[in-house]
Every structure is written in structure tokens, then in C-alpha cells.
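Here is a short briefing to read alongside the model. Take a moment to look it over, and then we can walk through a few local features together.

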Amino acid sequence: MLRIELRKVFNTKLLYVSIVLGCVSCLLGLISYGEDVAIYRQVGREELISSYQCWLNCLAMGSSVYRLILPVLIIPYIDSYYVERTSGYQNFVVSRCGRSRYFFSKWFAGICSVAVVIFLTLGITMLVCFTLYPENIPMAENTYINYPYMQEFFIEKPVQLIMILFATNIILSMIYYTLGFGVSCHAKNRYEVILAPVEMYFLNLLLSQFLNVPALSPIAVVAPFELGGLSLTAVLCVAGALTSIALLSLMNCYRKDIRELP
């Protein structure tokens with residue numbers, strides 16, 4: 001069953017549209033970094049040019065819009081369960097493989113699609129950055145990170161920090177996908193399912209601004225170096241709460257599915 005669902009995922013054209021959109025949104029950060037590079041070359045400081053710093057710039061700073069459209073990138077397969085459920089196709093499949101196997105295969109295939117989109121978006125961006133610029137170790141004077149310990153870690157172990165950011169971006173995207181998937185049994189139309197993760201993402205952004213709690217912002221996980229006033233404990237607490245809500249919504253959807261459908 002899972003193999004079938006994964007084939008459906010990779011036959012979804014919107015998946016590839018999301019990858020292209022994600023790469024474009026990240027690579028817009030090359031514009032502002034290119035301006036910095038021109039200045040470094042004019043003053044004879046080419047050692048300041050770093051592919052690692054370029055990638056960080058593409059992730060959030062400068063002209064990158066990736067951090068704003070992240071929830072849009074995770075929606076290509078999110079309405080598949082809703083469509084099959086409302087069309088009656090689900091009953092045909094369930095009669096052959098079982099309800100729980102179908103439901104969780106559908107969900108797992110979806111989070112796999114999310115992981116692929118985010119990984120390729122950040123990975124292709126990284127490849128472009130490393131192709132354009134040398135792998136110079138980042139220097140403190142032009143590394144714009146709000147936290148000294150994170151800045152030091154980035155300077156000493158840039159690859160490790162980048163891998164951590166890959167992981168946090170993928171995990172956060174999976175959480176928002178699960179929140180959206182959990183709406184499937186309650187939505188009146190497929191657009192409610194598609195828009196659910198986007199609405200939740202921006203609701204978190206607005207709440208973090210309104211309550212002045214930076215840890216509530218998804219940017220605290222997407223690009224923590226860009227926000228001030230964060231603490232690891234607060235970020236982990238918010239992430240844990242969001243994960244719990246996502247899993248509860250998933251299980252509630254499953255229970256509702258069992259009750260309503262034969």
C-alpha cells in the first residue's frame with residue numbers, strides 16, 4: 001500500500017512545481033549576497049566570500065522569500081486523502097488493505113513528499129552556492145547571527161549547522177503537513193485542507209508578533225539565527241506543543257474516519 005502511495009506522490013506534477021518554486025524562493029537570496037560579494041572584491045577582501053555564508057543568506061536573510069512561502073511548498077499531496085474519501089474511492093481500497101493501513105500509508109507518503117521537497121529545495125540551493133563561491137570558512141565580521149554561541153558554532157562547524165537547519169526545516173514542514181492532513185475529516189471542501197497549513201503557519205507568525213513571544217514564530221525553527229530573544233527551552237516547548245497538536249489532530253481524523261465510514 002505504501003509503495004502505491006509513494007508512486008502517486010512522485011507522479012504528482014505539483015510536487016515538482018513546489019521544488020522549482022522552493023528553489024527560486026531560496027535562490028533570490030543570491031541577489032543580496034551578490035551585492036555583498038561585489039563590495040568584498042572591490043576592497044580586496046575575497047576571503048570574506050563564503051559559500052556557507054551564501055547558503056545562510058539564501059535561507060532567510062537578504063531577498064530570500066523561502067521562509068514566507070514554506071507552508072505553500074508542502075501542499076501538493078495534502079488533499080489526496082480528502083479527495084479519495086469524499087469520492088468513495090477510499091472504500092474500494094480499504095476493502096482490500098484495511099482502514100488503518102490505508103490511512104497511515106496516505107499520511108506517511110505525504111510527509112515523505114514534504115521531506116523530498118524541502119530537502120531538494122535546500123540541497124539544490126546549497127549546490128548552487130558551492131558552485132558559485134569558494135568554500136571559505138565564514139568569518140565573524142560578516143556572519144549575521146544573533147547568538148554568539150550559534151555564530152561560533154557556524155564558524156567552526158558550518159556543515160554541521162547547515163545539516164541541523166536541513167533537519168529542523170524538514171521536521172517543521174512535516175508537523176504543518178500533519179496539522180493540515182488532520183483537517184481532512186472535518187473540511188467541507190478540498191481548499192480548506194490545502195489552506196490549513198498555510199493559515200496555521202501565518203497564525204503562528206501573527207501570534208508571535210502580537211504576544212511578543214519569538215519562540216511562537218515558525219521562523220524560530222526555520223532560521224533561528226534571524227530572530228532575537230529566543231531560548232532553546234522556549235523553542236523546544238513550542239515545538240513539542242505543536243507536534244502534540246498535530247498528532248492529536250491526526251488521530252482525531254482517524255477516529256472520525258472509522259466512525260463515519262463503513
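Two residues count as touching when they have heavy atoms within 4.5 Å of each other. Please keep in mind that this is a predicted model.

**Ile 124 and its surroundings**
- Ile 124 is found in helix α8, which covers residues 99-132.
- Leaving aside residues up to four places away in sequence, Ile 124 touches Ile 19 and Cys 23.
- Ile 124 counts as partly exposed because its relative accessibility is 33%, and partly exposed lies between the limits of 20% for buried and 50% for exposed.

**How α10 packs on α11**
- Helix α10 (residues 158-181) packs against helix α11 (residues 190-210) at an angle of about 125 degrees, and their axes are 8 Å apart.
- That angle makes α10 oblique to α11.
- The crossing of α10 past α11 is right-handed.
- On the α10 side, the contact is made by Tyr 176, Leu 179 and Gly 180.
- On the α11 side, Val 193, Ala 196, Pro 197, Met 200, Tyr 201 and Asn 204 take part.
- Sorted by class, this contact of α10 with α11 has 7 nonpolar and 2 polar residues, and no charged ones.

**Helix α6 and what follows**
- In helix α6 (residues 80-87), the buried residues are Ser 80, Tyr 81, Tyr 82, Glu 84 and Arg 85.
- After α6 comes Gly 88, which has a positive phi near 90 degrees.

Note on methods: Residues are numbered from 1 along each chain as its sequence is written. This is a predicted model: local features need pLDDT of at least 70, side-chain atom pairs count only at pLDDT 80 or more; totals for chains, interfaces and linings use all residues. Side-chain values use heavy atoms; hydrogens and water are left out. Axes are lines fitted to C-alpha atoms, for helices over the stretch in contact, and angles run from 0 to 180 degrees between N-to-C directions. Helices (H or I, at least four residues) and strands (E, at least two) are DSSP runs, numbered from the N terminus. Angles under 35 degrees count as roughly parallel, over 145 as roughly antiparallel, 65 to 115 as roughly perpendicular and the rest as oblique. A crossing is left-handed if the near helix is turned anticlockwise from the far one by less than a right angle, and right-handed if clockwise. Ala, Val, Leu, Ile, Met, Phe, Trp, Tyr, Cys and Pro count as nonpolar, Asp, Glu, Lys and Arg as charged, and the others, Gly among them, as polar. Buried means under 20% relative accessible area, exposed over 50%, partly exposed in between (1.4 Å probe, protein chains only).
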